[in-house]
Amino acid sequence: MEKIVSLCKRRGFIFPACEIYGGFSAAYSYGPYGAQLKKNIKDAWWKKFVEERADIVGLDGPILLHPKLWEASGHTTGFNDAMVDCKECKKRFRADHLVKDLTGKDLEGDLPAMTAALQGQKCPECGKSNWTDAKMVSMMFKTEMNGFDGPVYLRPETAGAIFVEFKNVVDSCRVKIPFGIAQIGKAFRNEIVARNFIFRTREFEQMEIEYFFDPEMPWEDLFAKWLDWQEEFFTEIGIDKKKLVRFEHSKEKLSHYSKKTVDFEYLYPFGQSELCGLAHRGEFDLGAHSKLSGQDLSWTDSATGRKFTPNVLEPSFGLDRALLAVLDSAYTEEDIPLSGGVDGASPDGVGDVKETRIVLKFSPKIAPVKIAIFPLLKNKPVLVEKAKSIFDELKKDFACEFDDNGNVGKRYRRQDEIGTPYCVTVDFDTIEKDDTVTVRDRDTMQQERIKAAELKKYFEDKLK
Ligand code: GAP
C-alpha cells in the first residue's frame, strides 16, 4: 500500500489534500493523472451501462436534496455507525471494526455486546484499557440552506435522486419496464474513521444504477446477470479477476426489505474488503417515497392495465475503490537491465547491471496518457520540431504527452510509472533516412520502426 501511495504522490495521481496546512482529515486531491484516470473509469462505466444499453438512461441529480427524501429512505434516523473512544488517549474508533480487530467477533449493530466485548481489551493506540460505552452516531453531513427551515444534508448516496426522479423519467422518456436509471456523482458520509488511503473517505464518488422490474418477473436470473456485468466491467478496466471475491450477505444481515445482497470484495494490499455491491431492494424505495410524498410512483402495464410498484435491483459501484483496485492490479515491479545502460546510451538498458522498473500496466482503455512522444535529443531543433508535429497530429485522436526531459531511458521509466502504453521516439533516421520512428511497447519493452505517416492507423488498431 505504501508503494502505491508513494507512487500516486510522486507521479501526480493522488495527493493528501491541503498539505500546506498540514493535511485535512484523510481528504485527497486527484492530481492531473489521477483526475484523468478517474474520468476514464467513469467514461468506461457510462459507455458500458448507459450508452451501449437500450434499457438504461442517465441522470445527474443534485447533492443537496429535500430532507424528506432522507426521511423516507430511513437515512435521517437509521444511517448510523457505532463509535467508541479510548478515555485515556482520546482516540476514536468505529466500534464494530475495533471489536472485530481485537476479538475476531462480528458484533455490528449490537451496542451492549460491543461494549462488553471491549472490556479488558487494550487500545491499539496507547495500550491502556479504559473505554467509553459504544454508541451510535449519524453518518449524515448536516448543513443549512438559505430560504429553507431546518437541516439539509449532503447526500450520503447517489441513489436517492434516482428514486425521486423516477416519475419524471417515466413521463418524459420512452422507457419500458425493465429499465434502469444510472447516475455518477459525489456522496458524503461522516465516517467515524476514514482510513486506508482512498478506500474509506468522507467524500467519495459513486456510480449507481437502479434497475426497475416487474415484481412478478423471476428475478434470480437478472440478479446473476447483473453480477456478471459488474465483474465484466471490472475486468474491462483492468482489475485483476483473481483478486475479486463474491460475498453474499447472510439472511440475518439483510435489511428487512432486501431479498438478496452480494458484494464484490477485492484483495486490497491491506486485506479483503468491499469494492461494490448488488442489492435486491424490493419495492422499498418507490413505496416509501410514494407514501411520504403522496405521489403515485407506480407503473401501469400498457398491455394488461395491471398497476404495480416496480421492484429494484441496485448495482452500486464505488469509484474511488474501483480506482484503488485498478492501481493495485496495475502495479508491477520488474528487474531489468539498468535504464539507459551503464553509459546512458541504450534506452531500455543493456548488460548485467539491474534496476527495478515500476510499471503501472493499465488497460490502454483507461490509461491517462496513451502515447508519449519524444525527440531523441532536446537540443536538436530538427528532432524537436518533427516530434512536436507528430504530437500535434496524434493529440487530435489520443491522449498524448510530449516529453523532452532527461535521456530517453529516464523518459521511459517515467512513462512506465504513469502507465503510458506506448512511447514514440523521433531520431536521426526519422529525418535523414526513411521518416520512421521508434514505437516502444510498455509491457514488452519491444521496439519497432513505424512510418510517421502510419502512426494514426497503427495506434487506432492497438488502442481500440
Ligand atoms: N446506494 C447503496 C449504497 O450506497 P453502500 O454499500 O453503502 O451502498 C456503495 O455504498 C459503494 O460506495 C460501496 O460498495 C463502496 O464502493 C462505496 N463507498 C461507500 N462508503 C465509502 C467511503 N466512505 N469511501 C469510499 N467509498 C465508499
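**View 1. The whole protein and its surface.** The protein exposes about 22400 Å², and carbon and sulfur atoms supply 50% of that area; accessible areas come from the Shrake-Rupley method with a 1.4 Å probe, and for residues only the protein chains shown count as cover. This is a predicted model, where local features need pLDDT of at least 70 and side-chain atom pairs count only at pLDDT 80 or more, while totals for chains, interfaces and linings use all residues. Residues are numbered from 1 along each chain as its sequence is written, and side-chain values use heavy atoms, with hydrogens and water left out. Picture the C-alpha atoms in a box of roughly 75 × 70 × 45 Å, taken along the principal axes. Of the 464 residues, 48% count as buried (under 20% relative accessible area, 1.4 Å probe, protein chains only).

View 2. You'll find 15 helices and 23 strands here (DSSP runs numbered from the N terminus: H or I of at least four residues for helices, E of at least two for strands). Take the contacts (heavy atoms within 4.5 Å) between residues at least 6 apart in sequence: 64% of them join residues at least 24 apart.

**View 3. Around the ligand.** Of the 17 residues around the ligand, E157, R189, E191, E208 and E274 come nearest; a residue counts as near if one of its heavy atoms lies within 4 Å. By class, this shell holds five nonpolar, four polar and eight charged residues (Ala, Val, Leu, Ile, Met, Phe, Trp, Tyr, Cys and Pro are nonpolar, Asp, Glu, Lys and Arg charged, and the others, Gly among them, polar).

View 4. A side-chain N or O atom of E157 sits 2.7 Å from a ligand nitrogen. For E208, a side-chain N or O atom is 2.5 Å from a nitrogen atom of the ligand. E274 places a polar side-chain atom 2.5 Å from a ligand oxygen. On its own the ligand exposes 560 Å², and the protein buries 88% of that. Strands β10 (203-213), β13 (271-282) and β16 (311-318) are the elements giving two or more residues to the shell.

**View 5. The nonpolar cores.** The largest nonpolar core has 58 residues, and I41, F233, F234 and F362 have the most contacts inside it; such a core is a set of buried Ala, Val, Leu, Ile, Met, Phe, Trp, Tyr and Cys residues joined through side-chain atoms within 4.5 Å. Helix α11 (residues 319-330) gives the largest share of this core, eight residues. Apart from it lies another core of 24 residues, including F163, F166, I177 and L297.

Key:
A polar contact is a pair of N or O atoms within 3.5 Å; within protein, one must be able to donate a hydrogen and the other to accept it, and residues adjacent in sequence count only if both atoms are side-chain atoms. Buried means under 20% relative accessible area, exposed over 50%, partly exposed in between (1.4 Å probe, protein chains only).
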